[in-house]
Amino acid sequence: MSDIKTVLPSELVAAYEATNFEVNYETPFVLKVGVLSEDLQSMLSKFDHNTGCFITAYNPESIEKTLVENESSQEQLYSDLSALNCKIFTGFGADPDGNWEGEPSYFAIGISKENAQRLGKKYRQNAIVWCDERCIPELLLLR
């Protein structure tokens with residue numbers, strides 16, 4: 001990630017890269033940035049899609065919001081994902097070391113990269129996790 005220009009501190013990018021992106025599926029599984037996911041391969045195959053995005057509307061630009069604000073934004077994000085005809089699963093972005101509180105998220109399959117980035121920017125997120133047919137989650141920095 002060091003060759004990508006961003007306003008985000010390197011420590012924050014490293015924290016995102018280390019995050020466990022938990023997907024609540026038939027058998028829940030964890031996505032890790034840069035690591036091939038056989039669970040993701042199976043899921044995408046089952047639904048006949050080859051793209052997915054792990055995204056949240058919580059705490060835009062890493063600015064802590066109230067639970068009410070976060071839940072309202074998350075509901076709006078769900079509506080936006082639904083309008084794109086995505087298959088949506090709940091998820092949770094969690095620090096494997098427990099140093100920071102995780103965030104409720106969604107894993108949406110059948111979304112284009114452009115729409116995923118657009119929604120990430122709409123909800124003022126620093127980054128999203130993008131998955132394509134390679135099934136190796138990729139951190140997309142948005143700021």
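Burial first, since I keep using the words: buried means under 20% relative accessible area, exposed means over 50%, and partly exposed is in between, with a 1.4 Å probe and protein chains only. This is a predicted model, so local features need pLDDT of at least 70 and side-chain atom pairs count only at pLDDT 80 or more, while totals for chains, interfaces and linings use all residues. Residues are numbered from 1 along each chain as its sequence is written, and side-chain values use heavy atoms, with hydrogens and water left out.

**Entry 1**

I looked up N50 and found it in the loop between helix 2 and strand 3. Helices here are DSSP runs of H or I with at least four residues, strands are runs of E with at least two, and both are numbered from the N terminus. N50 is partly exposed, because its relative accessible area is 41%. What does N50 touch beyond its neighbours within four places in sequence? I get L44, C131, D132 and E133, where contact means heavy atoms within 4.5 Å. I also checked N50 against L40: they are ten residues apart in sequence and 9.6 Å apart in space, C-alpha to C-alpha.

D48 sits in the loop between helix 2 and strand 3 as well. D48 is exposed, because its relative accessible area is 70%.

I placed N59 in the loop between strand 3 and helix 3. Is N59 buried or exposed? I call N59 buried, because its relative accessible area is 16%.

N70 lies in helix 3, and N70 counts as buried because its relative accessibility is 4%. Skipping neighbours within four places in sequence, I list A57, Y58, N59, P60 and K65 as the contacts of N70.

**Entry 1: Q125**

I found Q125 in the loop between helix 4 (113-122) and strand 6 (127-131). Q125 is buried, because its relative accessible area is 7%. Where does its side chain reach? One answer is the backbone oxygen of Y58, at 3.1 Å from the side chain of Q125. A polar atom of the Q125 side chain also lies 3.0 Å from the backbone oxygen of Y123. For polar contacts I use pairs of N or O atoms within 3.5 Å; within protein, one must be able to donate a hydrogen and the other to accept it, and residues adjacent in sequence count only if both atoms are side-chain atoms. Leaving aside neighbours within four places in sequence, the contacts of Q125 include T56, A57, N59 and R143.

I63 is in the loop between strand 3 and helix 3. I63 is partly exposed, because its relative accessible area is 40%. I63 and Q125 are 62 residues apart in sequence, and their C-alpha atoms are 9.9 Å apart in space.

**Entry 2: the cores**

A nonpolar core, for me, is a set of buried Ala, Val, Leu, Ile, Met, Phe, Trp, Tyr and Cys residues joined through side-chain atoms within 4.5 Å. The largest one has 22 residues, and V23, L31, L40, M43, F107 and L139 touch the most other members. Among the elements that each supply at least two residues of this core are helix 1, strand 1 (20-23), helix 2 (38-46) and strand 7 (138-141). A second, separate core has 17 residues, including L81, I88, Y106 and A108.

I then followed F107 by itself. Not counting residues up to four places away in sequence, F107 touches V23, L31, L40 and M43, among others including K87 and C131. In general, nonpolar side chains tend to be buried together in soluble globular proteins.

Last, Q76: I placed it in helix 3, and Q76 counts as partly exposed because its relative accessibility is 43%. Q76 and Y106 are 30 residues apart in sequence and 12 Å apart in space, C-alpha to C-alpha.
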